[in-house]
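Subject: Structure handover

Hello,

Here is the structure we discussed, followed by notes on what was found in it.

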Amino acid sequence: MTDASINASTLAAQSRADEAGFGDYFALLKPRVMSLVVFTALVGLLAAPVPVHPFVGFCAILFIAIGGGASGALNMWWDADIDKVMKRTKGRPIPSGKVEPGEAMALGLALSGLSVIMLGLATNWFAGAFLAFTIFFYVVIYTMWLKRLTPQNIVIGGAAGAFPPVIGWVAATGSMTLEPWLMFALTFMWTPPHFWALALFMRSDYDDAGVPMLTVTHGRRATRTHILVYTALLALLAVGTAFSGIGGPIYLAVAVVLNALFLRGAWAISRRTEDDAEADNFKVERSFFKLSLLYLFLHFGAILAEALLKPYGLGGWS
């Protein structure tokens, strides 16, 4: 074999290695975020006061998940420039060179259209329209407009992530009541302290990318205070939700324990100096961030438990 043929074989092998695979395209859909979308939408669907045929429910959750994934793909397409310079995101499919930006955009648009139409056909057009609005809000209002404009970006972005339980409820009932908006508010108020805690120990990423995260524009001291304030408001909302139509004794017990822990963590963060944080590599902030992941899952899990036990006379307050 000649040197030329060896080099050609090496280049061909390298080309195959660099080609995007199924996993790369799936990564565009932000599967971790999608899992939260699926779970909260499922809780919204099952907590609704009307029975849903299992097949219809499966289709509803599937198309809501696809819509969430479409939003992720479009977000990665638009944010490819800043993803390249952030340690947390530089390994994503577009900045790593696995997927072309145009491919991500095409995939996101195609899945957006598919999810909205199919959700409308499978459940009702109110749910389909709500999913379309959610995709528009996340991609256009948050990603394209406000993410790089205001330090309240993550507060606004939290609204997009908070819509799935409302969509699940609407898919089941075709209407609105207070309860789905309590689930919306729970996710909405949880998002800022969750991401600001992350920003405290990942600040250099946002500095490098020029994203006006609160840690960049107002500093870590102000961010610590914001975390405490939002956590206190979140605790009031979360415990108060226990006395609504989606609450009950199980949810109340979970909410009291988790919010006590969350408030304690937020208070500890607010009392720390930057020297304290640097000395232990942001141990308290990292611990709070990990707790925040469990926080939302357990609250929605408790709502789900109350809903599943109601037919047996065990869920809720009645």
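Histidine 299 is buried, at a relative accessible area of 0% (buried is under 20%, exposed over 50%, partly exposed in between, with a 1.4 Å probe and protein chains only). This is a predicted model, in which local features need pLDDT of at least 70 and side-chain atom pairs count only at pLDDT 80 or more, while totals for chains, interfaces and linings use all residues. Residues are numbered from 1 along each chain as its sequence is written, and side-chain values use heavy atoms, leaving out hydrogens and water.

Helix 16, residues 283-309, holds histidine 299 (helices are DSSP runs of H or I, at least four residues, numbered from the N terminus). Setting aside neighbours within four places in sequence, histidine 299 contacts Leu186, Ala238, Tyr251, Val254, Ala255, Leu258 and Asn259 (contact: heavy atoms within 4.5 Å).

The chain is assigned domain 1 (21-176) and domain 2 (178-317); the bounds come from an automatic or database domain assignment. Their contact takes 31 residues from domain 1 and 34 residues from domain 2. The C-alpha centres of the two domains are 21 Å apart.

Between them, domain 1 and domain 2 bury about 2800 Å², 80% of it on carbon and sulfur atoms (accessible area, 1.4 Å probe, that two parts lose on being put together, summed over both). On the side of domain 1 that touches domain 2, the elements giving two or more residues are helix 3 (31-47), helix 8 (153-162) and helix 9 (164-173). Zero salt bridges are counted between domain 1 and domain 2 (side-chain nitrogen of Lys or Arg within 4 Å of a carboxyl oxygen of Asp or Glu).

Regards
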